[in-house]
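Look at the model first, then read on.

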Amino acid sequence: MHWILLLVAGLLEIGWAIGLKYTDGFTRLWPSVGTIFCLGASFLLLGLALKGLPVGTAYAIWVGVGAVGTALFGILLFGESANTVKMISLGLVFLGIVGLSLSHE
């Protein structure tokens, strides 16, 4: 259950990071509300996941899921570059996430 909470927390991190782009400096109401909701829910679920997971592992996975997901959505939604170095680097971060989750005892 803690792993599911952590995964959802990471997905919500993507939501608030991408949402920041749509808030226009928090001048747009509904994108701002959605972003703040995702931020709060992400932190809440991360905190709940930490009840059963090591803080270093959980935090690194949470950040990694958010970073990889946000970068991929930046490419898809905002036309950010998807050059070879960026894609290889994202792949390495993903492998790190997998490695950390497999190393958990």
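In this predicted model, helix H3 supplies the largest share of the lining of the largest pocket, with five residues. Helix H1 (2-23) and helix H4 (84-103) also give two or more residues each to that lining, as does H3 (55-78). The lining counts 13 residues. Leu7, Ile61, Val65, Phe94 and Ile97 lie nearest the centre of the pocket. The space inside comes to about 180 Å³. By residue class, the lining of this pocket divides as follows.

| Class of lining residue | Number in the largest pocket |
|---|---|
| Nonpolar | ten residues |
| Polar | three residues |

Phe73 is found in helix H3. Is Phe73 buried, partly exposed or exposed? Its relative accessible area is 39%, so Phe73 counts as partly exposed. Patch members need over 30% relative accessible area, and Phe73, at 39%, is over that cut-off.

Now the chain as a whole. Its secondary structure consists of four helices and zero strands. From the N terminus on, the order reads α-α-α-α. The C-alpha atoms fill a box of roughly 45 × 35 × 15 Å along the principal axes. The chain has 105 residues, and 32% of them count as buried.

Note on methods: Residues are numbered from 1 along each chain as its sequence is written. This is a predicted model: local features need pLDDT of at least 70, side-chain atom pairs count only at pLDDT 80 or more; totals for chains, interfaces and linings use all residues. Side-chain values use heavy atoms; hydrogens and water are left out. On a 1 Å grid over the protein atoms alone, a cavity is a set of points where a 1.4 Å probe fits but cannot get out, and a pocket is an open set with protein on both sides within 12 Å along at least five of seven lines; lining residues have an atom within 4 Å of a point. Grid points are joined across faces, edges and corners, and a volume is the space filled by probe spheres set on the points. Ala, Val, Leu, Ile, Met, Phe, Trp, Tyr, Cys and Pro count as nonpolar, Asp, Glu, Lys and Arg as charged, and the others, Gly among them, as polar. Buried means under 20% relative accessible area, exposed over 50%, partly exposed in between (1.4 Å probe, protein chains only).
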